[in-house]
Amino acid sequence: MSIKVKNSQLSNETIQSLNTLIDLDINASSAFRLARIIKELSSIVDDKLKMEKKILDKWVSKDESGNIIRPKDESGNEVEGGVNITNVEEFTKEMTSLMDIENEIPYDKIKFEELNLVTAKVKDLIKLEFLFD
């Protein structure tokens, strides 16, 4: 049975959590399987991030020169990292569509007991819930 995971469940933090898990003392066969899964997921995460950037670039407000127009606060200062979206409804529709895509990874889910973990961080396990039976 393959692993199915939606784009909404994947981010750079997911890959970091997988790497953290591999760094723990787990059995060799599980570590090998996780390494293969990371390779698959990394490619999917890269593609997803590129699409997110493309969608954002499509809907962000720009001036005549193509530069992003930054929103300003009440005092007239630029909001750092902020952007204005030209059509919030269409932007949201495209992003939601991207996040709803389900990816299939050709590996079996891992039985959590097979890892033989003594300790693990809950925040990492929550991000990786889709991997385990």
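Predicted model: local features only at pLDDT ≥ 70, side-chain atom pairs only at ≥ 80, totals over all residues.
Why does Thr14 count as buried? The answer lies in its relative accessibility, which is 1%; since buried means under 20% relative accessible area, Thr14 counts as buried.

The protein contains 4 helices and 2 strands. The C-alpha trace spans about 55 × 30 × 20 Å along its principal axes. The radius of gyration of the protein is 19 Å, whereas a compact globule of 133 residues would have a value near 14 Å. Of the 133 residues, 30% are buried. The contacts may also be described by separation in sequence: among those between residues at least 6 apart, 72% join residues at least 24 apart.

Attention now turns to the packing of helices. Two packed helices are described by the angle between their axes and the distance between the axes. Helix H1 comprises residues 12–23 and helix H2 comprises residues 28–59; their axes come within 9 Å and cross at roughly 165 degrees. Because angles over 145 degrees count as roughly antiparallel, H1 is roughly antiparallel to H2. The crossing of the two helices is left-handed. On the side of H1, the contact is formed by Asn12, Ile15, Leu18, Asn19, Leu21 and Ile22. Sorted by class, the contact has 11 nonpolar and 3 polar residues, and no charged residues.

Where is the place of Asn7? Asn7 lies in the loop between strand S1 (3–6) and H1. Its relative accessible area is 4%, and Asn7 is therefore buried, given that the cut-off for this class is under 20%. When its neighbours within four places in sequence are left aside, Asn7 is in contact with Ile44, Lys48, Leu98, Met99, Ile101 and Asn103. Among these partners, Ile44 and Lys48 fall within the residue range of helix H2, 28–59.

Notes. Residues numbered from 1 in each chain as written. Heavy atoms only, no water. Axes fitted to C-alpha atoms, helices over the stretch in contact; angles between N-to-C directions. Parallel < 35°, antiparallel > 145°, perpendicular 65-115°, else oblique. Left-handed = near helix turned anticlockwise from the far one by under 90°. Contact = heavy atoms within 4.5 Å. Nonpolar A, V, L, I, M, F, W, Y, C, P; charged D, E, K, R; others polar. Rg over C-alpha atoms; globule rule 2.2 N^0.38 Å. Buried < 20%, exposed > 50% of the residue type's maximum accessible area, 1.4 Å probe, protein only.
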